[in-house]
Amino acid sequence: MAENHQVIIIGGGLSGLATAHFLRKQEPNLDLLILEGGKRPGGAVRSFKNEGFLGEWGPHGFLDNNPESRELLHDLGLDKQAQRAPLGKFLRYVCHRGQLVALPQSPQQLISTPLLSPLGKLRLLADLWKKPVLSEQNIGQWAAHRFGREVLPLVDAAVTGTFAGDYQRLSMDAVMPGVRNLEKEAGSLLRGLRRKKKAPGNKKTGHLPSMLSFPQGMEHLIHTLVKEMPLQTESKVRGISHQHGQWRLESNDKVFTTPTLIVALPINGALPLLTPLIPPPATKVPEAKIVNVLLGFSKQVKIPYGFGYLAPERENRFALGAMFSTHMFPGRAPEGKVLIEVLVGGRRHPERLELNDDELIAKILADLGELLPLNEPPCFSKVLRPSGGIPQMEVGGHLQLLDWRHLCEQEHPGLHLNGFGWDGIGMNDMIKAAKKTATTILAGNKGQQEEAPVKPVYF
Ligand SMILES: Cc1cc2nc3c(=O)[nH]c(=O)nc-3n(C[C@H](O)[C@H](O)[C@H](O)COP(=O)(O)OP(=O)(O)OC[C@H]3O[C@@H](n4cnc5c(N)ncnc54)[C@H](O)[C@@H]3O)c2cc1C
């Protein structure tokens with residue numbers, strides 16, 4: 001006998017849980033079930049605690065500038081519990097010619113920064129005269145055309161800090177459709193941003209957002225979301241089919257049916273399930289895998305004040321960058337100790353993930369030792385190897401996959417697709433998409449075409 005529910009969500013990660021939250025907020029009696037393949041919900045969001053140190057397998061935080069995420073935190077009563085690290089207060093560093101240089105935080109600092117030459121700074125303004133290129137571009141091509149080649153190491157750092165990706169492969173049109181629209185409409189990004197700022201109804205906050213986490217770590221969000229959620233773990237869905245307005249799902253030895261199916265999976269988890277419906281233009285997207293290495297030191301080690309640093313590829317460093325975790329979020333190390341978390345691998349260096357823990361730590365210490373005053377060995381170390389990677393929205397494939405997703409949803413009413421790597425990769429992207437899915441379903445599956453948001457870049 002098949003088990004029937006009004007709504008079934010495949011995937012108990014942030015996307016699935018947030019979608020369920022927004023649905024149940026409006027319809028508390030909705031008969032809904034979440035099927036999670038793993039032993040625990042939360043997917044990539046997972047915290048690590050040992051010997052008084054607190055680190056993260058996956059996300060370290062998200063910015064508090066997304067209305068849907070603010071709503072979620074408010075609903076869960078988490079807005080007051082959150083720890084906030086304001087971008088305006090904390091320095092962020094880029095590795096530049098073998099040294100850590102603070103990123104400019106204001107136009108005045110941009111004028112004096114050594115990260116760009118005087119000509120490079122002037123070249124930024126050429127954006128006002130550069131005609132938009134209409135065809136799909138990678139992020140590097142786009143940035144060089146608009147702002148000049150000198151900005152590329154900074155662009156590289158930004159892309160490394162978000163996608164652990166390659167700016168010469170990621171599609172500007174897929175990653176930042178809102179920015180591309182603005183540029184095409186106004187003929188220049190700077191002009192478009194100025195117009196947008198002046199537009200009626202545009203709320204001026206006047207300050208930079210904050211990075212947000214919780215004293216218990218990011219997984220606290222999952223633990224709170226999951227309370228009283230109808231969720232079955234160890235229920236991996238192996239196949240779906242659609243007949244007579246009903247979806248049929250096969251999971252272990254059970255069969256489920258529903259008229260409304262939400263596939264809230266990372267894109268590479270969704271593609272095999274969806275392939276029998278309509279063959280996709282690609283069966284897999286590239287991923288960037290990383291390891292996160294936690295290193296604890298005594299407070300004698302003077303870590304520069306700030307969030308951490310990122311290293312562009314041309315610097316030839318071993319690590320992609322590091323977070324100065326105890327500066328950002330106090331309480332992540334025992335009394336008298338500091339914690340830094342170092343990221344290695346990414347789209348361009350998967351081979352580094354093959355190293356064993358001791359080799360990794362030795363190479364990291366040699367690398368960081370040239371950038372930070374590490375004058376003693378670490379008192380604590382732990383290598384975290386997340387099983388999943390970060391999906392990459394690359395040129396020559398991702399836009400076609402988005403068109404195909406649209407076709408699947410059109411051809412199969414009652415099917416909704418959100419999750420890691422479709423419209424974005426950040427937690428705010430997941431929560432935004434979750435709210436949109438819930439709103440569409442509650443409006444009788446009538447989704448509204450929304451303008452792509454202009455996402456600001458902070459790294
Ligand atoms: C290493 C790393 C670092 C990150 N850092 C940041 C950061 O600092 N800030 C930020 O905003 N974002 C960050 N992210 C991205 C963030 O983690 C994701 O946006 C978010 O976790 C995606 O949620 P999801 O539910 O879509 O996917 P997932 O978290 O992958 O969850 C999907 C769930 O579906 C389950 N599942 C898979 N297949 C099936 C199936 N067939 N049947 C049933 N269940 C299934 C999985 O077990 C999993 O629990 C990071 C991601 C990674 C990997």
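Predicted model: local features only at pLDDT ≥ 70, side-chain atom pairs only at ≥ 80, totals over all residues.

Me: Which residues of H1 and H15 meet?

Reply: Contact here is a matter of C-beta atoms within 7 Å. From H1, Leu14, Ser15, Ala18, Thr19, Phe22, Leu23 and Gln26 take part. In H15 they meet Met427, Met430, Ile431, Ala433, Ala434, Lys435, Thr437, Ala438, Ile441 and Leu442. By class, the residues of this contact are 12 nonpolar, four polar and one charged.

Me: What makes H8 roughly perpendicular to H9?

Reply: The axes of H8 (residues 177–186) and H9 (residues 189–198) cross at roughly 95°. The perpendicular class covers 65 to 115 degrees, so H8 counts as roughly perpendicular to H9. Their axes come within 8 Å.

Me: Which residues make the contact of H8 with H9, and how do they divide by class?

Reply: Val179, Leu182, Glu183, Glu185 and Ala186 of H8 meet Leu189, Arg191, Gly192, Leu193, Arg195 and Lys196 of H9. The classes are five nonpolar, one polar and five charged. Gly192 is part of this contact, and Gly is counted as polar.

Me: What joins S6 to S10?

Reply: Two bridges join S6 to S10, and these strands run antiparallel. The requirement is at least two, so this pair also qualifies. Leu63 has Met211 of S10 as its bridge partner.

Me: What makes S6 and S7 edge strands?

Reply: The strands form an open sheet in the order S6-S10-S7, with antiparallel pairing. S6 (62–63) and S7 (83–86) each pair on one side only, and they are the edge strands.

Me: Why is one side of S1 and of S12 left without a neighbour in the sheet?

Reply: The order of this open, four-stranded sheet is S1-S14-S13-S12, and the pairing is mixed. S1 (3–4) and S12 (237–243) stand at the edges with a single partner strand each, so one side of each has no neighbour in the sheet. S1 pairs with S14 (residues 254–258) in the parallel sense over two bridges. In S14, Phe256 is the bridge partner of Glu3.

Me: Which residues come nearest to the ligand, and which elements give two or more residues to the shell around it?

Reply: The shell holds 35 residues, of which Gly11, Gly13, Gly37, Gly43 and Pro59 come nearest. H1 and H15 are the elements that give two or more residues. The largest share, three residues, comes from H1. The shell divides into 18 nonpolar, 15 polar and two charged residues.

Key:
Residues numbered from 1 in each chain as written. Contact = placed C-beta atoms within 7 Å. Near = placed C-beta within 6 Å. Axes fitted to C-alpha atoms, helices over the stretch in contact; angles between N-to-C directions. Parallel < 35°, antiparallel > 145°, perpendicular 65-115°, else oblique.
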